[in-house]
Amino acid sequence: RHVLALAGSLLFPATGFAADDVRTFKAKATLSRHHTTNALDGPLAVSDWYTLLRGALEETLAHEHGATRIAAEFELRRYDTYAIENDAAFSALAETTVRVSDALELRGTLSLRLAEEGDDIAVGDFLIGMRTPRAVVAAAMQAGLRLSPQTTLVVEAAASRDMPRDTSFQDGVIPDLRLEPMRERLRMAATLTRSEGAFSYGLFAGAGVLRARALDIMPPIEVFDYTARLHAALAVENGPTLAAAAGFQMLDVPAAAFREIRPTFEIAASVPLAAHLSLRGSLKGAYDMASNDDPVAVRLRRLDIEAGYQAGPKLTFGAGFFTQKRDFIGFGTAETGRGLYGAATWQAHERLALVLRLDATRTTLLPFGIERRGLDAHLAVKADL
């Protein structure tokens, strides 16, 4: 998830469907049992057990000029004691890729996500559970044009609407309230990429707007963002891979007479150190315009380093750590976080794996110095159907 995606390679490699490849079906399921020392994810650390069930279905149907993919995912989280933290989510996606000619390919995507999120709020010495249902609908269109055998241009447009509903409170102690506004996001971007063997490079330019509707507790707001950056990647067969991007982002909030230009960067690398040992890492700095944690935007800086060891044909080990800082532009606050993990995976069968993992995290809300710590241990069963 940390490796940069170069849009010039998004569309054209996806059309390797032959007429005989009529249908492909995939299904995955993960059932895991967790123990966490901070079930409420707050300064007051209380431990609990919870069960997490995830599933995914995907079917791809090849047609004469491309392919159509239908996918669905769901996630259920259930706590033994603190049921106020239970979550549920379901998402569905339909995507069609059409090769118009040898030089032009189109891709259209429609998606829907339904979720109900559990949380809590402190009122005096009491914690009150609350639940917020929401629906997110989105649509996107991409056009990939091969300008020459080595050069591609990808133009894309996307729109989404985030529709949270009224938040309900435990036992009705507080009347239902609308705590989050409806948000609409529009985005357009273009990526030019040229490939020279294992090396590729290019230019990205994009613009977006976030419109948040008015609430009783806040006025409507419009946030515009603009991005321009250069990107490059090097991929050596059976060797290291490196991807990097650097440029500038501008954040503009006309109603508040606020405008800010900041550098944006991302570096990701994967290096095989020995026959069975690998190392990968990433460093990123950018505005996170998809986050709802701030009414304007979140500025993210994050470093990840992960190591993997293949102990045998069926046994692998992994370990890693991260450190990050998030600046909440609208609130004027910030959050620092760090964490580490260790994991072991046993491929018990071709389609069945067991995963044992331990995560430790610590976050601090600035300038208040409010700290949250958590330790999560889980055992998961993963099945490919």
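The exercises below work through a predicted model, each with a solution in steps.

Residues are numbered from 1 along each chain as its sequence is written.

**Exercise 1. Confidence**

Find the average pLDDT of the protein and state how residues 1–19 score.

Step 1. pLDDT is the predictor's confidence in each residue, from 0 to 100. The protein averages 90, and 94% of the residues score at least 70.
Step 2. Residues 1–19 have a pLDDT below 50. This stretch still has 45 contacts in the model beyond near neighbours in sequence, a contact being heavy atoms within 4.5 Å.
Step 3. Where pLDDT is low, the predicted coordinates should not be read in detail.

**Exercise 2. The partners of strand β19**

Determine how β19 is joined to β1 and to β18.

Step 1. Strands are DSSP runs (E, at least two residues), numbered from the N terminus, and two of them pair if DSSP finds at least two bridges between them.
Step 2. β1 (residues 23–36) and β19 (residues 370–384) run antiparallel and are joined by nine bridges. Within this pairing, Thr30 has Lys382 as its bridge partner.
Step 3. β18 (residues 352–366) also runs antiparallel to β19, with 14 bridges. Here Ala353 stands opposite Lys382.
Step 4. Three residues separate β18 and β19, which form a hairpin. Gly369, in the turn, has a positive phi of about 70°.

**Exercise 3. Ser291**

Is Ser291 buried or exposed, and what does Ser291 contact?

Step 1. Ser291 lies in the loop between β14 (277–288) and β15 (298–310).
Step 2. Buried means under 20% relative accessible area, exposed over 50%, and partly exposed in between (1.4 Å probe, protein chains only). Ser291 has 12% relative accessibility, so Ser291 counts as buried.
Step 3. A polar atom of the Ser291 side chain lies 3.1 Å from the backbone nitrogen of Asp293.
Step 4. Leaving aside neighbours within four places in sequence, Ser291 contacts Arg185, Val298 and Arg326.

**Exercise 4. Salt bridges**

Step 1. A salt bridge is a side-chain nitrogen of Lys or Arg within 4 Å of a carboxyl oxygen of Asp or Glu. The structure holds 31.
Step 2. Arg211 is in β10 (residues 199–212) and Glu222 in β11 (residues 221–235).
Step 3. Salt bridges that share partners join Asp41, Asp293, Arg326, Glu335 and Arg372 into one network.

How values were computed: Predicted model: local features only at pLDDT ≥ 70, side-chain atom pairs only at ≥ 80, totals over all residues. Heavy atoms only, no water. Helix = DSSP H or I, 4+ residues; strand = E, 2+ residues; numbered from the N terminus. Polar contact = N/O pair within 3.5 Å; in protein donor to acceptor, adjacent residues only side chain to side chain.
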